[in-house]
Structures are given as C-alpha cells and as structure tokens.
Amino acid sequence: MSAPTRRLTTAQALVRFLSAQYTERDGVRHRLIAGVWGIFGHGNVAGIGQALVEHGEAMPYHQGRNEQAMVHAAVGHARHLDRLSAQAVTTSIGPGATNLVTGAALATINRLPVLLLPGDAFASRPCDPLLQQLEHPAEADVSVNDTLRPVSRFFDRITRPEALIPAALNAMRVLADPVETGAVTLALPQDVQTEAYDWPERFFAERVWPVRRPAPDPAELAGAVRAIRAARRPLIVAGGGVHHSRAEDALKALADATGIPVAVTQAGKGALRHDHPADLGGIGHTGTAVSDDLARTADLVIGVGTRFTDFTTASGTLFQHPEVRFLNLNITAFDAHKLAARTLVCDARAGLTALAGALAGHRVDPSYEAEYRAGKERWERVVEAALHAADDNAVPTQTQVLGALDAVVGEEDVVINAAGSLPGDLHKLWRARSRRQYHLEYGYSCMGYEIPAALGVQQAAPGTPVWALAGDGTYLMMPTEIVTAVQENLPVKLVLVQNHGYASIGGLSEAVGAERFGTAYRHRAADGTFTGPPLPVDLAANAASLGMEVLRAKTVRELREALAAARAADRPTCVYVETDPAPTAPGAQAWWDVPVAEVSGRKAAAAARARYEEQAATRRRHL
C-alpha cells in the first residue's frame, strides 16, 4: 500500500513544511520559522507569494521595504530569542536577491540563523536570457544567487520539486545547530516554485530539532581546572555565546565562587549585571581602563563563547603577560582553538556549571580582587563624568544622550546599535541591567542595521520598550523600515543623533593621517574641500514623513523629557537631537590596527605612520 501524498506546488509545500518545524531546548519548544519577510517581484510573486496566500493561516507574513533590512529584522528576532527561533526572507530573482548578501554576511559572521528564499532563473530555460538573468560565458548554471554561497552556512538550488525534501531538511538542521548556524539559502527557480508534485504526507508532519547542550570532555575539563587553579591573575572574557546558551546565571555562580573577574565583548555585554563586583565592562579597543589593564597582566585568559576578534584582542597587542595562556570554552572547536588555547569544547552553560563544581573551594587571591574592584570604582567615576551634563539647558554631547537614556530605561528595555562612534561609547559606558538589554551588532559593524533589527526584536518581545540608536550616517543608509514599523504597529523608539557627518570614521581618518577627508556632510567649497556649512537636511522631518511621531530635543532637559515620552508611546516614535560635537567620551584604552600610508608628503600622515609603527611593534603571536 503506497504512503499517502498531497499534491501541492513546490512553494506551497515549502510553506507547509516550514510551519511544522520546531526547536526544543531544556524541554521548551519554539517555532523554528516564526514568519516570512518578503518583497514580491519577478521570480517569487507567483510561487512563494501565491503559497503564502494559499496557506497564510500557517505562516505569518511581514512586508518589508528593503531586502537587506528584512534580513536585519530577522537577525534581530533570532538574537533576542537566543537563536531558538528564526525568520525567513523571500525576494525576487535580480536586485532583490543580491540585496540579501550584506544581511547574509552579517548573520553568518554573528552566528545567527536566518533562512533566505531568493527567486532564481528558470530551471527549464524556456527563454534564455530572461529579465534579470546573469549570463556567464563559461558556467551556464551560475546565477546572481551564487553571490550568496560564501556568506551562507548552507546553500542549495532547488532545480526539481522532489529535491526540496533533502534540501529543506538540511536547511533546518543547520539553522537549529548552534555550531553550524548562520544564513541558509535555498535558491528557488521561478518555474520550479509553481510546479505541482505529490508530496509524502510525512514531509508535513511536525518535526522537532533538539538544540543540544554538549557537556565538556572529562579530560579537557580536568586540564582546564588545573590551568585555572595554577593561575594567579585569571580573567574571563565573556562573549555572545554566554547569551545564546542562557549561561548568565552559571557565569555569575562561577564568578561569585572564585572571584575571577569578567570582561565582556560587544556581543557579551550584559553577561553579568553592570553592578556585579566582578563585572569589569567592555574589553579591547573600545573597552574600559580596568578591563584592559587587567588583560595586559593576565596570566590566564578564559574565553567563554567568544570569537576573539581584533577589537577584543586590540589587534594582538592587549594580552602582554610574558607567560599568558588561553583557555577557550566554546561550543565550536573552530573558535575554541583560537590563540593556541587549551580547549573546552562544550555548551557554555554546561561548561561553566562543570567548572564551578570542579573548582569548589578555589578562589583568587584577595589582593587581586581588591585590585580590580578598585579599578572598577575608578572607572565608574569616569562613566559618571561622561554621562552627566553640568547644565540641563546645554546642548547635549553624544555621551550625555546616553546618560539621558540611561536615566529613562528600565531593566526590560532593549537598546540596539551597530556602527559609528556609538558602539565605542556604549561598550565603555552603558550599564547593562539585564541579559538582553544590550544589543550591539559588531561582528559586521553594519550601518543601517539598527531600525530593522528593532522591528525584529519588537516582534520577538511584544510589550518590551525597544530603542534603536542611530547617527545621521546610519539613518541615511536605511530608514525605510520606519514605514514597516508604522504598518505593523510596532512601537519602536528611534533615537536619532545628528552630528552632520561620519563621526567615527572622521576621528579615525584624522588618526591615520587622512585629515577627515570625505567624512562630513557639508557643501563643497570653491577649493574643492568639504568645508562649507552643514547641508540643510532635516532628518526629523524625513522620519515624520515616513509615519513616525517625532519629538525634537535641543537641551539635556528637553532630551530627558522626550525620551520619557517616547518610552510611554504606543506607536513608532523618534527622538531627534543635534549634539554638541565636543568629545566627552573617554579615549580608546587599547590599540586597533588600521594601516597608515608608509610614505607621504603630508605631515599628518607621516606623524600617524610613526605612531602606527610604535604600536604595531607590540603585537604578539600567541602560540
């Protein structure tokens, strides 16, 4: 007797399949694909578009305005839900598909799941070439979707309906696997999307993908314990893996029991509350003085769920103890082996819990605790000075904007940022009060991430105040999803900071001898330089034209009042503030490698090269 089947198009089958997929961890089940973002056009309107109409009760649909932004929204959603739930993104076959590449790179670099469903050229090739088809003279099966291969953790092109079955199962496997996850691409030729096939009913049955918590290997655990017991100045570096694993309580228990201090990466901030005695704040180029000072003298650096990027390691110049060694606790062996470390390959919560049990009775020397606690107190005075203005009627600086926001938010609020000068200020100064309050995308440092990501977080956490912090540069990259926020009634709060240019790159340009060239939004003067007055743009009016309620603030007092009003609002609201450009943030506490011209006739570049060579000489290879 033959197994029961159901006749559906490929696109209809895919939508039904996705609606029945779940993850499960610690006995709690989550829908794996919570919804589909889409912009319809040539290549997906008759396939996926029709399927979402046909089976709309099974799969929520969200209308986006920019394909890259839709991926950012899905990434924000997945991150806030600890990678246990994801969203899909469907696009047309041409520019819509290639617009996915930046978002896909961001997702994969940050190890965050998103399912990409771009349309593709006809598999049957009834007309060649067709609109938007890439013609390659030597590889006829190449399409623009192949640009997604290097930024996808799994890629397949579905050239026959029945090929969807293994591809879809593999796609779910990768999305649900904390070791493998990232962007997953199923390229869908437009004719195949609409072809009918007799699908086995079992393909549409509920399927649960377990998210494992692998325990540490006993031999690795014993070696890790020996290394920690032998260290006199150990330092934990907590990364995003702590959050993804929900390992914050386990980290706190280990720090409480042993007194080992904890510094955090951008992705790891909030792993401990800011007021925990062992929390030293950010580490690396944008870190705190106390974190970086301890990092320079640490004899054992214990990485937990971190990739150890160049910002964290100060481009290889931060960890300077002559005998420094590394112990990396990570669910991926690839990351655990970085910096020639002793490895502990396991889930972060499982590994931290095992370490705490095996280290029972062990504690760092009281003088070491007293040293880092005193450093923490000194840094807190720096934070207070940067965040608070002496005059409530003054134009706020950027750090005072953060101070005003700090005074308004509650523990449940989420603050989102990604690029510009704000990430450095936030990493040094923000006081994270809860595990998911601090949401920085800094693996790809992608301008334009903030507003769409806020939509994804708001969908993941209805009723939570969600703040997107954006400078004028990043706002101009991608404001379009404001329309989506209005359409879907997502009451995100946008803090729009206007300083008339690229503040972060302007400062970097000056530091490397490029003299802030091309970093300000100004009229071109007669001599060709951009030194005229600021451009007469009104970004607040632009936000209002897209449907946001806009509150303008000119002083510190007005800013606090506007932020409080925005937090209470039940519709998308923008707080717009022009800032005093005077630098009030503490400077970089560690180096970052940006090469400088080796030869130049300009004094600024020559001086920058001398400083560069001095810093680069301190770089170490940890072997």
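Me: Is Ser85 buried or exposed in this model?
Reply: The model is predicted. Ser85 sits in the loop between helix 3 (67-80) and strand 6 (86-91). The cut-off for buried is under 20% relative accessible area. Ser85 has 5% relative accessibility, so the residue counts as buried.

Me: Which backbone oxygen does the side chain of Ser85 reach?
Reply: Beyond four places in sequence, Ser85 touches Arg31, Leu32, Ala34, His77 and Ala78. One of these contacts involves a backbone oxygen, which the Ser85 side chain reaches at 2.8 Å. That oxygen belongs to Arg31.

Me: What is the relative accessible area of His439?
Reply: His439 lies in strand 19 (residues 438-440). Leaving out residues up to four places away, His439 touches Gly76, Arg79, Val414, Val415, Ile416, Asn417, Tyr449 and Val457. His439 is buried, and its relative accessible area is 2%.

Me: How far apart in space are His439 and Ala454, C-alpha to C-alpha?
Reply: In sequence, 15 residues separate His439 and Ala454. In space, the C-alpha to C-alpha distance is 9.5 Å.

Me: At what angle do helix 1 and helix 6 pack?
Reply: Helix 1 covers residues 10-18 and helix 6 covers residues 164-176. Their axes are 11 Å apart. Helix 1 passes helix 6 in a right-handed crossing. The packing angle is about 35 degrees.

Me: Why is the pair of Phe308 and Phe326 edge-to-face?
Reply: The structure holds 12 aromatic pairs. In the pair of Phe308 and Phe326, the ring centres are 6.2 Å apart. Planes over 60 degrees apart count as edge-to-face. The planes of Phe308 and Phe326 stand at 80 degrees, so the pair is edge-to-face.

Me: How many residues apart in sequence are the parts that the pair of Phe308 and Phe326 ties together?
Reply: Phe308 lies in the loop between strand 15 (300-304) and helix 12 (310-313). Phe326 lies in strand 16 (residues 325-330). Phe308 is buried at 8% relative accessible area, and Phe326 is buried at 3%. The pair ties together parts whose separation in sequence is 18 residues.

Me: What are the plane angle and the type of the pair of Phe319 and Phe326?
Reply: Both Phe319 and Phe326 are buried. Their ring centres lie 5.4 Å apart. The planes are at 85 degrees, so the type is edge-to-face.

Me: Which side chain does a polar contact of 2.8 Å join to that of Gln398?
Reply: Gln398 is in helix 16 (residues 398-408). At 12% relative accessibility, Gln398 counts as buried. Its contacts beyond four places in sequence include Ser421, Leu422, Asp425 and Val497. The side chain joined to Gln398 by the polar contact is that of Asp425.

Me: How many residues of helix 16 are buried?
Reply: Helix 16 is mostly covered. Among its buried residues are Gln398, Val401, Leu402, Leu405 and Val408. Helix 16 has 11 residues, and the buried count is 10.

Me: What is the omega of the peptide bond from Asp128 to Pro129?
Reply: Pro129 is placed in the loop between strand 7 (114-120) and strand 8 (154-157). The bond from Asp128 to Pro129 is cis, with omega near 5 degrees.

Me: What is the phi of Asp26?
Reply: Asp26 lies in the loop between strand 2 (21-25) and strand 3 (28-31). At 45% relative accessibility, Asp26 counts as partly exposed. Asp26 is a residue other than glycine, yet its phi is positive, near 55 degrees.

Me: Where is Arg111 found?
Reply: Arg111 is not a glycine, although its phi is positive at about 60 degrees. Arg111 is found in the loop between helix 5 (100-109) and strand 7.

Technical notes. Residues are numbered from 1 along each chain as its sequence is written. This is a predicted model: local features need pLDDT of at least 70, side-chain atom pairs count only at pLDDT 80 or more; totals for chains, interfaces and linings use all residues. Side-chain values use heavy atoms; hydrogens and water are left out. Helices (H or I, at least four residues) and strands (E, at least two) are DSSP runs, numbered from the N terminus. Buried means under 20% relative accessible area, exposed over 50%, partly exposed in between (1.4 Å probe, protein chains only). Contact means heavy atoms within 4.5 Å. Axes are lines fitted to C-alpha atoms, for helices over the stretch in contact, and angles run from 0 to 180 degrees between N-to-C directions. A crossing is left-handed if the near helix is turned anticlockwise from the far one by less than a right angle, and right-handed if clockwise. A polar contact is a pair of N or O atoms within 3.5 Å; within protein, one must be able to donate a hydrogen and the other to accept it, and residues adjacent in sequence count only if both atoms are side-chain atoms. Rings of Phe, Tyr and Trp (its six-membered ring) pair if their centres lie within 6.5 Å; planes under 30 degrees apart count as stacked, over 60 as edge-to-face and the rest as tilted.
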